[in-house]
Amino acid sequence: MTPRVATMQVHLGVDLLQPEWKEAVVCIGTFDGVHLGHQEVIRRAVVFASQREQPCVLATFDRHPATTLDPARKPPAIRSLAANLARIEALGVAACVALPFTPEFSQTSADRFLRQLLLGKLHASTVVVGHDFGFGRNREGTVAWLAKRLDTLPIEPVLQNGIRVSSTAIREAVVAGRMDDAARMLGEPFAIEGVVVGGQKLGRTLGYPTINLARSFPQVLPQDGIYAGTARTREGSFPAAISIGMRPTVEGTHRTIEAYLLDYPGTTLYGSPVALEIAQRLRGEEKFASLDQLTAQMAKDVALVADVIQR
């Protein structure tokens, strides 16, 4: 049996929250992707909390605020909430509150947010935030506003080659297929998350059985094409040739995400969660004149994947 270890305490909302700590260092933000900029904010909060001998408590949201405030312009997610929480826990946070960003919550004033949540529920002695953080109705609670009422530590953005690391920049890199840039800003490879479902099983007949990934949330995707990556499964990690696109050679009718796992020893992953870490774009999607040509190209792709992942 695997030894049990202590895990970060997670609360959805604050209705059942009854903390026994008298003071805490509270870190607040959307943290949509927990990229290197977010990680710097969280790390500083964890270190400061340890110095103060207080718990580090992180407050975030169960969805991007734009999902409620401006649904037509909501950005696709970079990671799932579960993946964000796992990354936050790895940074040393003791407890996390995921606040449901409902229409009602969006109308909460900054003053009420401060009094009822930060002070009343989380017992904040200090708040650590990004330098441009804003909260409350119409973002009326600026860093300057908060600093007049509570000890506040604003953290400057993280720059790479003079460019600010941001969720927007990561989405742009992913969509463009610039996976190296996305990985540098995330601190690890970008991964598509989903569960394995049944497909047409065409790959099996061609000698390259693939898994078909179905997502449960709108996550940003790279442009259509073939990618080298790694499949993270419950059975282990395997190099993978990943296909994203319409499958024009077989007259596909909808966009699919498929992966051929090199050296996979098992028989089926149906129903299992899988994360496809994407390392490099190999080529664009093509329409081949025959299945034989497609199979020949798949062989070349698989050989290239093996070379890329082993480097």
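User: Which residues of α7 meet which residues of α8, and how should I read such a contact?

Analyst: Contact here means heavy atoms within 4.5 Å of each other, and helices are DSSP runs of H or I with at least four residues, while strands are runs of E with at least two, both numbered from the N terminus. In this structure Ala169, Ile170, Ala173 and Val174 of α7 meet Met179, Asp181, Ala182, Met185 and Leu186 of α8. These contact residues divide into eight nonpolar, no polar and one charged, where Ala, Val, Leu, Ile, Met, Phe, Trp, Tyr, Cys and Pro count as nonpolar, Asp, Glu, Lys and Arg as charged, and the others, Gly among them, as polar.

User: What kind of model is this, and how are its residues numbered?

Analyst: It is a predicted model, in which local features need pLDDT of at least 70 and side-chain atom pairs count only at pLDDT 80 or more, whereas totals for chains, interfaces and linings use all residues. Residues are numbered from 1 along each chain as its sequence is written, and side-chain values use heavy atoms, with hydrogens and water left out.

User: At what angle do α7 and α8 pack?

Analyst: Axes are lines fitted to C-alpha atoms, for helices over the stretch in contact, and angles run from 0 to 180 degrees between N-to-C directions. Helix α7 (residues 167-175) and helix α8 (residues 179-186) pack at about 155 degrees, with their axes 7 Å apart. This makes α7 roughly antiparallel to α8, given that angles under 35 degrees count as roughly parallel, over 145 as roughly antiparallel, 65 to 115 as roughly perpendicular and the rest as oblique. The crossing of α7 past α8 is left-handed, a term used if the near helix is turned anticlockwise from the far one by less than a right angle, and right-handed if clockwise.

User: Which residues of α7 are buried, and what do they pack against?

Analyst: An α-helix has 3.6 residues a turn, so residues three or four places apart point the same way. Buried means under 20% relative accessible area, exposed over 50%, and partly exposed in between, with a 1.4 Å probe and protein chains only. In α7 the buried residues are Ser167, Ala169, Ile170, Arg171, Ala173 and Val174, and the buried residues of this helix pack against α1 (36-52), β10 (163-164) and α8.

User: Where is Val220, and is it buried or exposed?

Analyst: Val220 sits in the loop between β12 and β13, and because its relative accessibility is 4%, it counts as buried. Leaving aside residues up to four places away in sequence, Val220 touches Pro76, Ala77, Ile78, Arg171, Val174, Val175 and Phe190.

User: How are the strands arranged in the closed barrel?

Analyst: Strands of a sheet pair through backbone hydrogen bonds, either parallel or antiparallel, and two strands are taken to pair if DSSP finds at least two bridges between them. The closed barrel has six strands in the order β11-β12-β15-β14-β13-β16, with antiparallel pairing, and its neighbouring strands are turned by 45 degrees against each other on average, direction ignored. Strand β11 (residues 191-197) is mostly covered, with five of its seven residues buried. Five bridges join β11 to the antiparallel strand β16 (residues 273-283), where Ile192 stands opposite Leu276; three bridges join β11 to β12 (residues 211-214), also antiparallel, and there Val195 stands opposite Ala214. Helix α10 (residues 291-310) lies across β13, β14, β15 (256-261) and β16, running at about 100 degrees to β16.

User: What is the strand order in the open sheet, and which strands are at its edges?

Analyst: The open sheet has six strands in the order β1-β4-β3-β2-β5-β8, with parallel pairing. Its edge strands are β1 (9-12) and β8 (151-155), each of which pairs on one side only, and the twist averages 20 degrees from one strand to the next. Strands β3 (residues 56-61) and β4 (residues 95-99) are joined in the parallel sense by five bridges, with Ala59 opposite Val97.

User: What is the phi of Glu53, and where does this residue lie?

Analyst: Most residues other than glycine have a negative phi, and most peptide bonds are trans. Glu53, in the loop between α1 and β3, has a positive phi near 60 degrees, and its 75% relative accessibility makes it count as exposed.
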